[in-house]
Amino acid sequence: MTRRLLWTVPPVAVLTLLFLYPLALVLQQSVQPDTGGTSLQPYADVFASEAFRHALWTTVWLALASTVGCLVLGFALALVIAFVPFPGAKAVARFIDVYLSFPSFLITLALLFIYGTTGIIGSFQFLTTPWGVLLAEITYFTPFVVRPLLAAFSQLDTAQLEAASSLGARPWRVVRRVILPEALPALAAGGSLVLVLCLNEFGIVLFTGAKGVTTLPMLVYSKAILESDYPGACVVAVVNVLISVGLYGLYRVVSRRAGA
Amino acid sequence: MSGGIRFDSVTVAYDGNVVLDSLDLTVEPGEVMALLGPSGSGKTTALRAVAGFVRPASGRVFLGGRDVTDLPPYRRGIGMVVQQYALFPHMRVEENVAFGLKAQKVARGEIRERVALALEMTGMAAYARRRPRELSGGQQQRVAIARALAIRPDVLLLDEPLSALDARLRSDMLAELARLHRELPDVTILYVTHDQVEALTLGDRIAVMDRARLRACGTPRELYRAPADEFTASFLGGANLLPVTVGEEGVFLGGRRIKVSGEAPGAAATLCVRPHLVGLGDGPNQLAGTVSEIQWRGSTHRLCVDVDGNRVMADVRELKDPPAHGDSVTLHFAPEDAVLLAAGVTDD
């Protein structure tokens, strides 16, 4: 028994040193205003500021919209890759694996090359608007939905699809009534992953150069680096962490209830 | 007349590999046709061509006189049951059975009625609220049958429906299927199987397939009593196949004259005798040999006897004092129990 307990020491030590301690420092910093002492004043200041509320709203709606976009696009793509036999379907599936390893700013750069002010297609101003960020996030994060869906579809018994169509179901009904219900756990997994990643996305927002688009991570960055307002930055960071952890908890509850 | 299936020179090929070679076959309305053959014989492909899941390279498929070759599966109105049940795991039993009715936009009240009826027929009414994973294999297959019957198809396709079940359950389900067919005499059934017992039990007629081709087609009795060729004889029931020569003076096995009722197909022929029709001891058509193998099978003994280099199998009632390996024995069979087949039609 003691030997087993000994084995818990290394992971806990690493976790504490590399993760929990810095997190505690951030928490501590967030309740220590520049004026000295310990108070919740930084929280009051941040929550009262228009910039914070705006950033919070922008973060949430961008993340939600991106997630919905990724789910719809990802489901459609995965359906085609898994069920429409076309030459190269395997290669496409493999490319999606590679795509997952790309850094997020790369896709933003690619979009800039195509649509940006000096881009191939021409200068579309929308890249520097929230819509540009949305486009980039959907483009980058869709494979995170496709991947688990393809895994789920490969488990799906094609005899079920055939049984459904022999019973008179048209392809669209087969998708809705047979494929979609069985893909729900994979959609929930992919969707919640994308949601959390979008909430914390920094590179894409920075690289689109969208001036009006300030998300929570951007706010942390500008407060800490540009304004040297460390307590304020830490407050925003704490809020960001809380939202992420909260969403994760929600996902666990929902997925357990769905029996996944 | 509704129902009925007709294959008109149906050929199916995958990447240039012919898996079904110019099949001509008519299944009459209300008939049970057993498609019997080893794996890779093309029997499942033939069934899938009727369902619409494979497209013939040439030839046409007719259902109830209507050419359905170009129709998608969902417009053919066919019931299908496969080996692995293929139930929808996220739906309850009753939802599974209702699936086809909803797809065909049947009125809500009628759906409830027909689901109840289909579950009643298959003895699954008590399980309506269960999920497929809570059922045994046999129960799942009953649900699959109920689901296929609920849409009231003229044609029911059964693709090795009992192969995933254990032996005991299989014979129960076989009786069950026979009962269902008695209750639904108008439904045309195409029953794909590699099991000769299922084919003999259920089939009004049996179509024997081998290597993408139809080898023989007839009633179970015809095919069993007078098989058309060596493949049919050995695949359907097992048979002694002995090379004989036919001349003016009669039929000769080795140097021995054999009496056979029926016509000889040519100078070189194959004598076909079922093992259970071969007796031990003296009698007509006597064959002497030495026992090379003996198997006790409970109610019977199977003797394998070496007769002038030919292996002859005999299934006899359990012997009190069975011969031992190497003993000399005499076998016999009645002239009317033997059939002469054309020699060497099978190339193996």
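**Close-ups of a predicted two-chain model**

**View 1. Helix 2 of chain B is a mostly covered helix.** Helix 2 takes in residues 93-103 of chain B, and eight of its 11 residues are buried. Keep in mind here, and in every view below, that this is a predicted model. The buried ones are V93(B), E94(B), N96(B), V97(B), A98(B), F99(B), G100(B) and L101(B). What do they pack against? Within chain B, the buried residues of helix 2 sit against helix 3 (108-121) and helix 4 (137-150), and from chain A they meet helix 7 (158-166). Follow the chain just past the end of helix 2 and you come to K105(B), where phi is positive at about 55°.

**View 2. Here chain B meets chain A.** How many residues does the contact take from each chain? It takes 18 residues from chain B and 16 residues from chain A. On the chain B side, strand 6 (78-82) and helix 2 each supply at least two of the touching residues. Sorted by class, that side of chain B has 12 nonpolar residues, five polar ones and one charged one.

**View 3. Chain A is built from helices.** Count along chain A and you get 11 helices and zero strands. Written out in sequence order, the pattern of chain A is α-α-α-α-α-α-α-α-α-α-α. If you boxed in its C-alpha atoms along the principal axes, the box would be roughly 75 × 65 × 30 Å. Chain A has 260 residues, and 34% of them count as buried. As for its contacts with a separation of 6 or more, 77% link residues 24 or more positions apart in chain A.

View 4. An unreviewed UniProt entry gives chain A the annotation "transmembrane region" at residues 60-86, 98-124, 130-150, 186-210 and 230-251. Zoom in on residues 60-86 of chain A: this span is 89% helix and 0% strand, with its end C-alpha atoms 38 Å apart. Now slide along to residues 130-150 of chain A, a span that is 100% helix and 0% strand. The end C-alpha atoms of residues 130-150 lie 30 Å apart.

**View 5. Chain B comes in two domains.** Domain 1 of chain B covers residues 5-230, and domain 2 covers residues 239-342. How far apart are the centres of domain 1 and domain 2 of chain B? Taken over C-alpha atoms, they are separated by 38 Å. Where the two domains touch, domain 1 puts in four residues and domain 2 puts in six. The domain 1 side of that contact has two nonpolar residues, no polar ones and two charged ones. UniProt, again in an unreviewed entry, places the feature "domain: ABC transporter" at residues 5-236 of chain B. Over residues 5-236, chain B is 36% helix and 27% strand, and the end C-alpha atoms are 24 Å apart.

**View 6. Two hairpins follow one another in chain B.** Strand 11 (residues 240-247) and strand 12 (residues 250-253) of chain B run antiparallel and are joined by three bridges. Two residues make up the hairpin link from strand 11 to strand 12 of chain B. Look across this pair and you'll find T245(B) opposite F252(B) of strand 12. Strand 12 of chain B also pairs with strand 13 (residues 256-258), in the antiparallel sense and over three bridges. Which residues of strand 13 of chain B face partners across this pairing? I258(B) of strand 13 stands opposite V251(B), and R256(B) of strand 13 stands opposite L253(B). The hairpin of strands 12 and 13 of chain B has two residues between the strands, and G254(B) takes a positive phi near 60° there.

**View 7. Step back and the hairpins turn out to be part of an open sheet.** The sheet has five strands of chain B, in the order 13-12-11-14-20, with antiparallel pairing. Which strands are at the edges? They are strand 13 and strand 20 (338-342) of chain B, each of which pairs on one side only. From one strand to the next, the twist averages 45°. As a reminder for anyone new to sheets, strands pair through backbone hydrogen bonds, either parallel or antiparallel.

Conventions:
Residues numbered from 1 in each chain as written. Chains lettered and ligands numbered in written order. Predicted model: local features only at pLDDT ≥ 70, side-chain atom pairs only at ≥ 80, totals over all residues. Buried ≥ 20, exposed ≤ 12 C-beta atoms within 10 Å, placed from the backbone. Helix = DSSP H or I, 4+ residues; strand = E, 2+ residues; numbered from the N terminus. Contact = placed C-beta atoms within 7 Å. UniProt positions renumbered as here; feature names shortened; annotations may be inferred. Nonpolar A, V, L, I, M, F, W, Y, C, P; charged D, E, K, R; others polar. Domains from an automatic or database assignment. Pairing = 2+ DSSP bridges. Axes fitted to C-alpha atoms, helices over the stretch in contact; angles between N-to-C directions.
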